[in-house]
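A short report is wanted, with the cut-offs stated.

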Amino acid sequence: MAYLRSFLIIFVCLMIGKGIQHFSGIAIPGSIIGMLLLFLSLSMGLVPAQWAMPGCHFLIRHMALLFVPVGVGLMNYLDLIQNNSLTILLSTIGSSVVVFIVIGIATHYKEQQ
């Protein structure tokens, strides 16, 4: 029964997030909005963490299995990925460098206080 309740909580947050995204037309995916709603409801104490924990642990434990369809789907676009590999590589490295710099600056200012 605990799994059913936790999956229901996760599913309801997902569907509300998808509904918000659909009706508002914002560019943020509905699954991300749903995850934020789940986070807010857990943080504010609207939903006890023990209610969502069994489903979350189950999904995290089997997360590698959930990435298999995405990996297989990428095989359909292998030629597109190969043609744009330099762009993908440079954007990945560039965004990582930006994240490292921002984290370094934020940590530097936090340590000074």
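Predicted model: local features only at pLDDT ≥ 70, side-chain atom pairs only at ≥ 80, totals over all residues.

Residues are numbered from 1 along each chain as its sequence is written, and side-chain values use heavy atoms, with hydrogens and water left out.

**Helix packing**

Two packed helices are described by the angle between their axes and the distance between the axes. Helices here are DSSP runs (H or I, at least four residues), numbered from the N terminus. Axes are lines fitted to C-alpha atoms over the stretch in contact, with angles from 0 to 180 degrees between N-to-C directions.

Helix H1 (residues 2-24) and helix H2 (residues 30-43) have axes that come within 7 Å and cross at roughly 130°. That angle makes H1 oblique to H2, where angles under 35 degrees count as roughly parallel, over 145 as roughly antiparallel, 65 to 115 as roughly perpendicular and the rest as oblique. The crossing of H1 and H2 is right-handed, a term that applies if the near helix is turned clockwise from the far one by less than a right angle. Contact (heavy atoms within 4.5 Å) involves Ile9, Ile10, Cys13, Leu14, Ile16, Gly17, Lys18, Ile20 and Gln21 on the H1 side, and Gly30, Ser31, Ile33, Gly34, Leu37 and Leu38 on the H2 side. By class, these residues are 9 nonpolar, 5 polar and 1 charged, with Ala, Val, Leu, Ile, Met, Phe, Trp, Tyr, Cys and Pro counted as nonpolar, Asp, Glu, Lys and Arg as charged, and the others, Gly among them, as polar.

The axes of H1 and helix H3 (residues 49-61) also come within 7 Å, and they cross at roughly 85°, so H1 is roughly perpendicular to H3. From H1, the residues in this contact include Ala2, Tyr3, Arg5 and Phe7, and from H3 they include Trp51, Pro54, Phe58 and Leu59. The contact of H1 with H3 has 11 nonpolar, 2 polar and 2 charged residues.

**Nonpolar core**

The largest nonpolar core has 5 residues, namely Ile9, Ile10, Cys13, Leu38 and Val47, and H1 supplies the largest share, 3 residues. Such a core is a set of buried Ala, Val, Leu, Ile, Met, Phe, Trp, Tyr and Cys residues joined through side-chain atoms within 4.5 Å. Beyond its neighbours within four places in sequence, Ile9 is in contact with Leu38, Val47, Trp51 and Ala52.

**Single residues**

Buried means under 20% relative accessible area, exposed over 50%, and partly exposed in between (1.4 Å probe, protein chains only).

| Residue | Relative accessible area | Class |
|---|---|---|
| Ser6 | 0% | buried |
| Ser41 | 10% | buried |
| Ile88 | 39% | partly exposed |
| Lys18 | 42% | partly exposed |

Ser6 lies in H1 and, not counting residues up to four places away in sequence, touches Trp51, Ala52, Pro54 and Gly55. Ser41 belongs to H2, and with the exclusion of residues up to four places away in sequence it touches Leu46 and Val47.

Lys18, in H1, is in contact with Gly30 and Ser31 once its neighbours within four places in sequence are left aside.

Technical notes. Helix = DSSP H or I, 4+ residues; strand = E, 2+ residues; numbered from the N terminus.
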